[in-house]
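Morning, everyone. One fold today, and I'll keep it quick. Have a look at the model first.

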Amino acid sequence: MPELPVLSVVIPLFDECGNVLPLIDEISKALRAYALVGENFEIVCVDDGSHDTTMAEVKQAQTTNPNVRLIKHPQRLGMSAALRNGIRRAKATWILTIDGDRQNDPADAPRLLDLAWAKDRDRKVLVAGIRVNRQDTQGKRLASKFANRIRRALLNDHCPDTGCSLKVFPRDSYLELPFFNGLHRFMPALLKHYGHETIFTPVNDRLRMKGVSKSDFLGRAVKGAWDLMGVLWLIKRTPAPLRGDEA
């Protein structure tokens, strides 16, 4: 039987033509140069109902890179659903998520993996990137700062930037979480509540060179408020930590 990869990289994509090929190339180079992964990884691209040539570019990457897989949504389902479906289909026990707009830097991935695997590969841990010198508009930075401050105060997750997509965590830990739209922004709070270690580390943030941002500040703020109330309810109604240790 073929050897399972040690790492699955999951990339949600929506109308990211022009970013797909260089991003896959950057990820592949960073991981192949990292001794603990080498060639033993896969890249799971989730095309979330794109209207442009995103899917065609993923297929083009597959012709030269056998590590690349494609999952196609017939319509746009959103970031949380794209991540969920990519992680469910992933083959490795460890997941690295990264955004498809190339603002996350794949060169940071080995450092996150070093932190996650510093003790052993069986750790229940989330390592999340914290963007420094953010390259977004001032309005987007201020809105994100305000939302993060409120969430930290209410959930006590100690995470200053849940919007950064660059994260490393065990696949099973993620799949044990209750799914809802917006889950990706509350992973630090939920995993911490369920007894996982959380580590936050600065990562590079880059300018978007191709395409346009899909952020809807007002819509996200309204949905985020509802999600925050739901997560607060969930945490208060769920015993912590949930462990399955044998006596």
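What percentage of the 247 residues of the protein chain count as buried? The figure is 52%, with buried meaning under 20% relative accessible area for a 1.4 Å probe, protein chains only.

Ground rules. This is a predicted model, where local features need pLDDT of at least 70, side-chain atom pairs count only at pLDDT 80 or more, and totals for chains, interfaces and linings use all residues. Residues are numbered from 1 along each chain as its sequence is written, and side-chain values use heavy atoms, leaving out hydrogens and water.

Now the surface. The protein chain exposes about 12,500 Å² (Shrake-Rupley, 1.4 Å probe). Carbon and sulfur atoms supply 56% of that area.

Secondary structure next. We have eight helices and seven strands, taken as DSSP runs: H or I, at least four residues, for helices; E, at least two, for strands.

The seven strands form an open sheet, order 3-2-1-4-6-5-7, with mixed pairing; a pair needs at least two DSSP bridges. At the edges sit strand 3 (68–73) and strand 7 (197–204), each pairing on one side only.

Strand 5, residues 125–132, runs parallel to strand 7 over eight bridges. There, valine 127 stands opposite isoleucine 199 of strand 7.

Helix 1, residues 20–32, packs on the sheet. Helix 1 touches strand 1 (7–13), strand 2 (41–48) and strand 3, a contact being heavy atoms within 4.5 Å.

Last number. Of contacts between residues at least 6 apart in sequence, 79% join residues at least 24 apart.

Note on methods. Buried < 20%, exposed > 50% of the residue type's maximum accessible area, 1.4 Å probe, protein only. Axes fitted to C-alpha atoms, helices over the stretch in contact; angles between N-to-C directions.
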